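Colleague: I would like to learn how to read a model of this kind. Please take one feature at a time, with the general idea before the case.

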Amino acid sequence: MYDFELVVNALTTMLVTLDPPGLAPIFLGLTVGMNRAERKQVALRGSIIAFVILATFAVFGAGILGLLGISIAAFRIAGGLLLFTIAFEMVFERRQERKEKTSEVAITKDHIRNIAVFPLALPLIAGPGAISATILLSGSLSSPMGRAALIAVIALCVAVVYVTLYVAERVDRYLGVTGRAILTRLLGVILAALAVQFVVDGARAAFVI
């Protein structure tokens, strides 16, 4: 059986980075005027596209780094710092503001039918943080079985995102402003700890500590 701790770490990292509860109110703003069937279609298409993007980076991300001459240790440090920045934004509610601005720009520039691709799939679901986390995790889960486990984790997390978007109206009403703020900050603290661990692991590998 594959290392259960690594799989749990991957699951936690991806769920926190994707931040399904934080996407719910953004999704509602993107799909204003749509009925439930149309929202379901947008959520499904966006989730599938995001999964394909993340799965591609899970399989080929390490190879791309190798071609560029970037070691996994260096990327762990850089990716950990990036994830820490995202965690900082989550704790101080700056990430939500940035996502809202992204969605507002997209609505004015793109047709409503294309929002499943931009900005929902990219960059709201499969954003820089999620892509960085995927490549970092692919370095830890580098065997064929590990990659399969990582893709399964990504599929599960994206499925959670889809379900959250599908019931976004009810979730947003249930959490409220206070609930979203508490949950986002809690997830931010967890992500910060995971990010620091990535940096520590990268430093140990780089300097052979």
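Modeller: Helix 7 is mostly covered, with eleven of its 13 residues buried. Buried means under 20% relative accessible area, exposed over 50%, and partly exposed in between, using a 1.4 Å probe and protein chains only. This is a predicted model, in which local features need pLDDT of at least 70 and side-chain atom pairs count only at pLDDT 80 or more, while totals for chains, interfaces and linings use all residues. Residues are numbered from 1 along each chain as its sequence is written, and side-chain values use heavy atoms, with hydrogens and water left out.

Colleague: What are the helices and strands here, and how many of each are there?

Modeller: Helices (H or I, at least four residues) and strands (E, at least two) are DSSP runs, numbered from the N terminus. The protein has nine helices and zero strands, so its pattern along the sequence is α-α-α-α-α-α-α-α-α. Of its 209 residues, 43% count as buried.

Colleague: Where is confidence lowest, and where is it highest?

Modeller: pLDDT is the predictor's confidence in each residue, from 0 to 100. Where pLDDT is low, the predicted coordinates should not be read in detail. The protein averages 82, and 88% of the residues score at least 70. Confidence is lowest in helix 5 (residues 94-109), at a mean of 55, and highest in helix 8, at 95. Over residues 107-111 the pLDDT is below 50, and this stretch has three contacts in the model beyond near neighbours in sequence. Contact means heavy atoms within 4.5 Å.

Colleague: What does the contact list say about sequence separation?

Modeller: Among contacts between residues at least 6 apart in sequence, 86% join residues at least 24 apart.

Colleague: Back to helix 7. How far does helix 7 reach from its first C-alpha to its last?

Modeller: The expected span of a helix is 1.5 Å times one less than its number of residues. Helix 7 covers residues 128-140 and reaches 19 Å, close to the 18 Å expected.

Colleague: Which helices do the buried residues of helix 7 pack against?

Modeller: Their partners are helix 1 (4-18), helix 3 (36-67), helix 4 (72-91), helix 6 (116-125), helix 8 (144-166) and helix 9 (168-207). The buried residues include Ala 130, Ala 133, Ile 135 and Leu 137.

Colleague: How is a helix pair described, taking helix 1 and helix 7?

Modeller: Two packed helices are described by the angle between their axes and the distance between the axes. Axes are lines fitted to C-alpha atoms, for helices over the stretch in contact, and angles run from 0 to 180 degrees between N-to-C directions. Angles under 35 degrees count as roughly parallel, over 145 as roughly antiparallel, 65 to 115 as roughly perpendicular and the rest as oblique. Helix 1 and helix 7 pack at about 175 degrees, with their axes 9 Å apart, and are therefore roughly antiparallel to each other.

Colleague: Which residues of helix 1 and helix 7 meet?

Modeller: On the helix 1 side they are Leu 6, Asn 9, Ala 10, Thr 13, Met 14, Thr 17 and Leu 18, and on the helix 7 side Gly 129, Ala 130, Ala 133, Thr 134, Leu 137 and Ser 140. By class, this contact has seven nonpolar, six polar and no charged residues. Here Ala, Val, Leu, Ile, Met, Phe, Trp, Tyr, Cys and Pro count as nonpolar, Asp, Glu, Lys and Arg as charged, and the others, Gly among them, as polar.

Colleague: Is Met 14 buried or exposed?

Modeller: Met 14 has a relative accessible area of 0%, so this residue counts as buried. The C-alpha atoms of Met 14 and Ala 133, 119 residues apart along the chain, are separated by 6.9 Å. Leaving aside neighbours within four places in sequence, Met 14 contacts residues including Leu 54, Val 153, Ile 154 and Cys 157.

Colleague: What does Ile 135 touch?

Modeller: Ile 135, in helix 7, counts as buried at 7% relative accessibility. Not counting residues up to four places away in sequence, Ile 135 touches Phe 57, Gly 61, Leu 65 and Phe 75.
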